[in-house]
Amino acid sequence: YRIRLTLTPGYNEREKQRNAQLVISMSGNTTIIKNPENMSAEGKRFAFDYSYWSHDDFNDRGDGYFEPASSKYADQQRVFDDLGKGVLDNAWKGYNCSLFAYGQTGSGKSYSVMGYGNNKGIVPMFCDELFKGVEGKRSTAKEDEEYQVTFSMLEIYNEQVRDLLNAKSMSVKGGLKVRQSPNKGFYVESLVSCPVNSFKEIENKINEGNRNRTVAATNMNATSSRAHTIVAITFVQKTPNETGQSMTRTSSVNLVDLAGSERADSTGATGDRLKEGSAINQSLSSLGNVISALADQSTGKKKVVVPYRDSVLTKLLQNALGGNSKTIMIAALSPADINYDETLSTLRFADRAKAIKTTATVNESPTDKLIRELREENARLMEMIKTGGVVLPPDGAGGGGGGGGYSKDEVEEMKRQLEEELRANQEEMENMKKSWEQRMKEKEQDNQVMVKMRQLETGNEWMWDRNKFINRKFLMQEMYQNYVEGADDWDVPKVRVIFAIRIDGSPNIRYQSSGSNFVAFFIE
């Protein structure tokens with residue numbers, strides 16, 4: 001790991017009201033913290049790769065950007081030059097990269113990662129520089145060269161996963177499912193991954209995701225992040241090698257803004273805020289346990305079990321924390337005396353993390369080999385589905401029945417997981433076969449397809465976009481299945497409005513509505 005420390009710019013309102021005093025100082029890459037109860041004593045010293053001072057010594061240049069008033073101040077551009085450019089260079093080389101920000105509520109994590117106003121953070125600056133490089137490569141690319149970028153953005157709120165690019169996932173009971181694959185590790189089922197073709201497109205996606213993020217006011221921060229946010233960028237380069245064979249180089253970049261660690265008495269949290277804070281602290285505690293276990297492994301301790309499964313956060317960050325990834329951690333600090341305990345805790349956490357060593361390798365293989373491996377994996381999954389085969393848990397424990405067997409519901413759930421993994425592999429294989437131009441053209445067509453609707457009673461017609469129609473069609477198919485299976489509650493009382501939909505190659509579909517009740521069925 002490479003560890004950097006940053007300070008929040010200025011004091012927040014809570015710190016101003018309590019006449020907070022500085023307990024942090026920096027000398028080169030060393031950070032010193034003093035106990036406010038004994039300021040004359042020598043402070044505790046911590047050494048890291050970088051220590052950035054951004055608390056004061058800055059001016060507003062007139063457009064909202066904080067520029068240095070002296071060499072002491074580290075502005076956003078300097079932080080990106082030291083941190084973000086290293087991530088960018090490694091992405092071009094084909095390494096997986098991860099950058100995550102840790103610290104208490106209100107310490108400046110979101111400011112460092114996402115930024116504010118014209119003080120853009122590492123994420124938007126990274127994306128801007130990435131596309132500058134991609135556009136330069138594309139301008140001189142040969143026919144068999146391609147550069148592809150996809151973008152996803154999720155949050156973990158109360159241990160539930162929400163897709164920030166799909167507002168409907170906010171209402172999914174229990175959140176999106178986290179699955180595990182032998183090849184991919186842990187991943188989020190049904191997470192939207194958007195192909196993007198320019199910085200403007202990715203900027204729009206970031207803004208869309210930020211609007212959907214869960215924030216709320218606490219005593220420590222008026223816009224406190226109440227969830228962990230993970231921005232994932234997949235960068236794929238397809239280029240021929242010296243012999244003319246097509247090679248695929250893939251880099252997965254995870255940029256993580258962790259929710260702030262907090263103490264209930266400091267934040268004044270009650271009700272929902274208290275529940276959120278408890279979930280945040282629980283997942284950060286799991287993260288701390290993983291960091292400690294990985295540090296023990298790095299120092300040569302044997303038989304260390306790394307508890308990745310203890311939280312959704314550590315599952316999804318498994319590769320970033322201890323796997324195939326070049327990882328950078330930003331520890332954000334408050335320099336105020338009233339936050340001494342939280343700041344010291346953050347420093348100790350970062351000091352522990354710097355002992356961890358990850359082993360990153362370039363993700364490059366012949367394109368045909370990747371497609372063949374996916375095809376073989378699909379054949380294996382298909383055979384398991386056909387034979388009803390299931391994979392036993394590592395400890396061999398079975399569920400229910402007292403005899404180590406699985407219940408019917410458990411077998412069905414395992415079969416569903418196999419089918420989902422098969423579908424995901426098939427989609428990945430098809431995308432590998434397609435050119436980037438084909439994928440972008442399909443994306444544009446998806447955005448343009450509209451379905452004509454007609455109200456039978458009045459003859460009024462209007463258009464529904466493709467996604468809305470697909471969602472309604474799914475509802476119709478589900479209700480029709482209930483009708484076929486003889487469910488008693490498939491029908492509703494006499495309806496007042498009937499819609500009819502027809503698309504090429506499909507039967508008529510009738511959609512009936514009565515108040516808040518809905519029912520649908522196919523007319524052959």
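Biologist: Among contacts between residues at least 6 apart in sequence, what percentage join residues at least 24 apart?
Modeller: In this chain it is 67%, where a contact means heavy atoms within 4.5 Å. This is a predicted model, so local features need pLDDT of at least 70 and side-chain atom pairs count only at pLDDT 80 or more, while totals for chains, interfaces and linings use all residues. Residues are numbered from 1 along each chain as its sequence is written, and side-chain values use heavy atoms, with hydrogens and water left out.

Biologist: How many helices and strands does the chain have?
Modeller: There are 14 helices and 26 strands.

Biologist: Switching to rings. How many aromatic pairs are found in the whole structure?
Modeller: The search gives seven. Rings of Phe, Tyr and Trp (its six-membered ring) pair if their centres lie within 6.5 Å; planes under 30 degrees apart are stacked, over 60 edge-to-face, and the rest tilted. One of the pairs is Phe-58 with Phe-66, which is tilted, at 4.7 Å centre to centre and 35° between the planes.

Biologist: What about Trp-92 and Phe-235?
Modeller: That pair is edge-to-face, 4.8 Å centre to centre with 80° between the planes. Trp-92 is in helix α2 (residues 76-93) and Phe-235 in strand β18 (residues 228-240), so the pair links distant parts of the chain, 143 residues apart. Both Trp-92 and Phe-235 are buried.

Biologist: Which ring has the charged end of Lys-72 over it?
Modeller: Trp-53, with 4.2 Å to the ring centre. The cut-off is NZ of Lys or CZ of Arg within 6 Å of the ring centre and within 35 degrees of the ring normal. Lys-354 lies over the face of Phe-48, 5.4 Å from the ring centre.

Biologist: New topic: in what order do the three strands of the open sheet run?
Modeller: β2-β3-β4, with antiparallel pairing; two strands pair if DSSP finds at least two bridges between them. The edge strands, β2 (24-27) and β4 (44-47), each pair on one side only.

Biologist: How many bridges join β2 and β3?
Modeller: Four, with β3 covering residues 30-33. Ser-25 has Ile-32 in β3 as its bridge partner.

Technical notes: Helix = DSSP H or I, 4+ residues; strand = E, 2+ residues; numbered from the N terminus. Buried < 20%, exposed > 50% of the residue type's maximum accessible area, 1.4 Å probe, protein only.
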